[in-house]
Amino acid sequence: MAVLAVVGLGAWELYWRAQGFTADIDDDKNLWSWQRSALDKASKDDIALLGSSRVLFDIQLDAFEKQTGKKPIMLACAGSSPLPVLKDIVEQTDFKGTLIIGVTPTLFFSTTFPQASPWKRPQTRIDYFYDRTYAQRLNYMVSFELQQQFAMLSANEEQWSNDIDFKALLRNIQMEPRTEGPKKPPFYNFSEIDRDRNTKMLPRVYQDTAFANSIIKVWGFFGKNAPPPDKNSTMDFFLDYAKQYTDRGGKIILVRCPSEGGFRMGEKMVTPRAEFWDELVQKTGFPAYHFEDYLQLQYPCPEWSHLNAEDAYAFTTELTKLIQLDGYLTNSKTE
Amino acid sequence: MLFNTLIFFVFLAIVLLFYYTKFLNWTGKKRMLLLASYVFYGLWNPPLILLLWISTFVDWTVGNKLSKETNSMVRKQWLLLSMFVNLGFLAFFKYGNFLIENFVSFVNMFDVQYHPFEMDIILPMGISFYTFQTMSYTIDIYRKKTTPAKSFLDFALYVTFFPQLVAGPIVRAKDLITQFYEPKKATVQQFLWGSFLLTLGLFQKVVLADGMLAETADTVFNSTNLLHFTDAWVGTLAFSGQIFFDFAGYSTCAIGIALMLGIILPDNFKYPYGAIGFSDLWRRWHISLSSWLKDYLYIPLGGNRHGITRMYVALMLTMLLGGLWHGAAWTFVFWGFLHGMYLIVERLLKNVITIKINAWNGILLAFITFTFVNFTWVFFRAQSFDTAWNMLTSMLFMQPEGMKVVESFDVYKVLGLIGVLFLTHWFMRDTSVKEVSQKIHPVVFGIIWAILFFFITIAQSSGEQFIYFQF
């Protein structure tokens, strides 16, 4: 039995490797919780990154560390608003370091409704961080090691169309549609993440136009089906919690990462800069960096919303240089 | 700790290593098992081990006092102490919020505005199981049906034995404590069979319950719309299969793990969906709970010794409390009520109709039983009566206008799997996995085992909790 099982699983592993899959880590609530727990031990000199997938992709932690001497704590979550994480930091920690908050306008200003996806996604991780048992923590340590060894272990919370766990394989069997409503186009994983949640775009996105287009289709789907932004409540919420944070000595820096093509057009229509970003910056008075304002922050986005790993490294270097020049970040190595 | 996690296998490997090394004598091994059981439980929420300790200490003391005391009044008081502590824990931790909510609703009916202090009560995992198990110990000693454990260690291990601590089977003292008196060691056959049962249980939980049925059941029961009748039925059938595979899977794992240690636990499920009638169902579903309710509730309430009316009242009360045991909500009570009604109607019908069961009418009757059981699962799974009524409306009145929330493949997947489940239960109703395994060639058996293991691995369980842990 054992021999058969090993042979079967070995063949399964080889098959997926032959299909181009490699052993990688899943970006899930456990990995996020590791980063979140680092915040509880962090000092005033530490930096945490909040935001959506643009922060994940565009801010490269090694470039940031090289420039500032500090590796930031990555708390950004794909497809999410940073507001629940800010609320958690303000209410549940005494962290007084620097928060760099990525503003993807369609997500930042989307909602304060707890059941809405941009809120629920990070909130689920926050809840898990507090509720996880010691058994779950230990289990993740074992699971993490195995994820790094086997390509076939690739279940993902995101439920990518190319996941290869049993449930995903069943989910991806297509028959005649039965349910009503719009159908999300196939959404394939296009990034890899490491232990520190440093995320890099997979080369296939900028090497294979059809693959990039498949992601662009998904942005189109989200754009068509997203509810209108809820500017007032999100703005008020942010101003309230940001004030509480700065009142206790913390610093906040706002960053608007690049977007282009149809995605940017949509953002301009739904969340025009003057009414959203500019007003946010004016009301908060926080240091703010919009890619449109700096030539050195402008890079192409192969799928309209994120930078490839090489450009992300350069973007991070330039961004940190700008922040340092303005005196909002120092280099702890040279102090 | 959950059986369907990697860390459990690390834990089990360490336990087995210590259990089968020679430097520990039997007492040392039992101490190790007890410590391991506390670790198993404590890795979930360490402070709640205190409850286990209190239950253990109180029932150990009460058991000893009951065995020595001759004054019936004093004996009754000792028993009441045990029941007060155990049922008190249950009442506070499991039913505290439910009782307060209902009290508030009740006083509000008289325009009394009462705002209770909000309590954030954690439900200790498995509390319903281990309190029932320890209560059976003191009640059996009170009834002089068993004697106290020979040592505190034996009793503490009986309360805490990790394979069945959090979701049963609920084992009687005479069946488990006595196994701890003499050194136990699994034979090679027992160890292998135990490993197979662990694999089979995990397959039921990880692949069938979580991998194939849970998502469909969740999609349907989380919908707030009036559903198309196909979707309502598919969701209900999916839950019907999910809860069986989830709970039977846990029990099978528990029995297998204990067997790997040379300890024998009783069966908890015997192909319940192949049952003909509801009395038969309850002899096959969660057997250790049904027999507990029969011995410690139904019979003390009078059973069938005081006439038909009293018997029906006892039966209904037993089922209502059985429903409430599953969860602090009126939907669970209604689930119990439906089962109580089924049992009463079945007994009434048996008085006027006699059917000689054969293969053809048997499978039809089993199918009718299974269909009626599915209606009860609607109340068991639904979060509210509104959802349940919506589901029943869709199921019974064939809502063609209802919303479709289940995709075509999921419809076929659920109907196919539940069809296989029903037929398997029907054909296996008078046999067992062990008997079947002995009839097939060892190579074929090995291939089946390898296939189960393969699917468990590729299912990549993220450690979804077993449904019965919340009860």
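**Legends to the close-up views**

**View 1. Trp304(A) is placed in the loop between strand 7 and helix 15 (309-325) of chain A.** Helices (H or I, at least four residues) and strands (E, at least two) are DSSP runs, numbered from the N terminus. The model is a predicted one, in which local features need pLDDT of at least 70 and side-chain atom pairs count only at pLDDT 80 or more, while totals for chains, interfaces and linings use all residues. Residues are numbered from 1 along each chain as its sequence is written, and chains are lettered from A and ligands numbered from 1 in the order in which they are written. Trp304(A) is not a glycine, yet its phi is positive, at about 75°. With 20 other C-beta atoms within 10 Å, Trp304(A) is buried (20 or more such atoms within 10 Å; exposed, 12 or fewer; partly exposed, in between; C-beta atoms placed from the backbone).

**View 2. Arg197(A) occupies the loop that lies between strand 4 (191-193) and strand 5 (199-201) of chain A.** Here, too, a residue other than glycine has a positive phi, with a value near 65° for Arg197(A). Most residues other than glycine have a negative phi. Arg197(A) counts as buried because 21 C-beta neighbours lie inside 10 Å.

**View 3. In chain A, five strands make up an open sheet in the order 2-1-3-6-7, with parallel pairing.** Strands pair if DSSP finds at least two bridges between them. The edges of the sheet are strand 2 (73-74) and strand 7 of chain A, each of which pairs on one side only. Strand 2 of chain A is joined in the parallel sense to strand 1 (residues 47-50) of chain A over two bridges. Ala48(A) is opposite Ile73(A), a residue of strand 2 of chain A.

**View 4. Strand 6 (residues 251-256) of chain A pairs in the parallel sense with strand 3 (residues 98-102) of chain A over five bridges.** Ile253(A), in strand 6 of chain A, is the bridge partner of Ile100(A). Strand 6 of chain A also pairs with strand 7 (residues 288-290) of chain A, again in the parallel sense, over three bridges. Arg256(A) has as its bridge partner His290(A) in strand 7 of chain A.

**View 5. At the interface, 27 residues of chain A are in contact with 31 residues of chain B (C-beta atoms, placed from the backbone, within 7 Å).** Helix 1 (2-18), helix 8 (134-147) and helix 9 (166-171) of chain A each provide at least two residues of the side of chain A that touches chain B. Helix 8 of chain A gives the largest share of that side, namely seven residues.

**View 6. Helix 14 (residues 330-352) of chain B has 23 residues and reaches 33 Å from its first C-alpha to its last.** Which residues of helix 14 of chain B are buried? They are Phe332(B), Trp335(B), Gly336(B), Leu338(B), His339(B), Gly340(B), Tyr342(B) and Leu343(B). Helix 11 (278-282), helix 13 (308-326) and helix 15 (359-381) of chain B are among the elements that cover these buried residues.

View 7. Along the principal axes, the C-alpha atoms of chain B fill a box of roughly 70 × 65 × 50 Å. Of the 471 residues in chain B, 46% are buried. Among contacts in chain B between residues at least 6 apart in sequence, 76% join residues at least 24 apart.

Conventions: Contact = placed C-beta atoms within 7 Å. Expected span 1.5 Å × (residues − 1).
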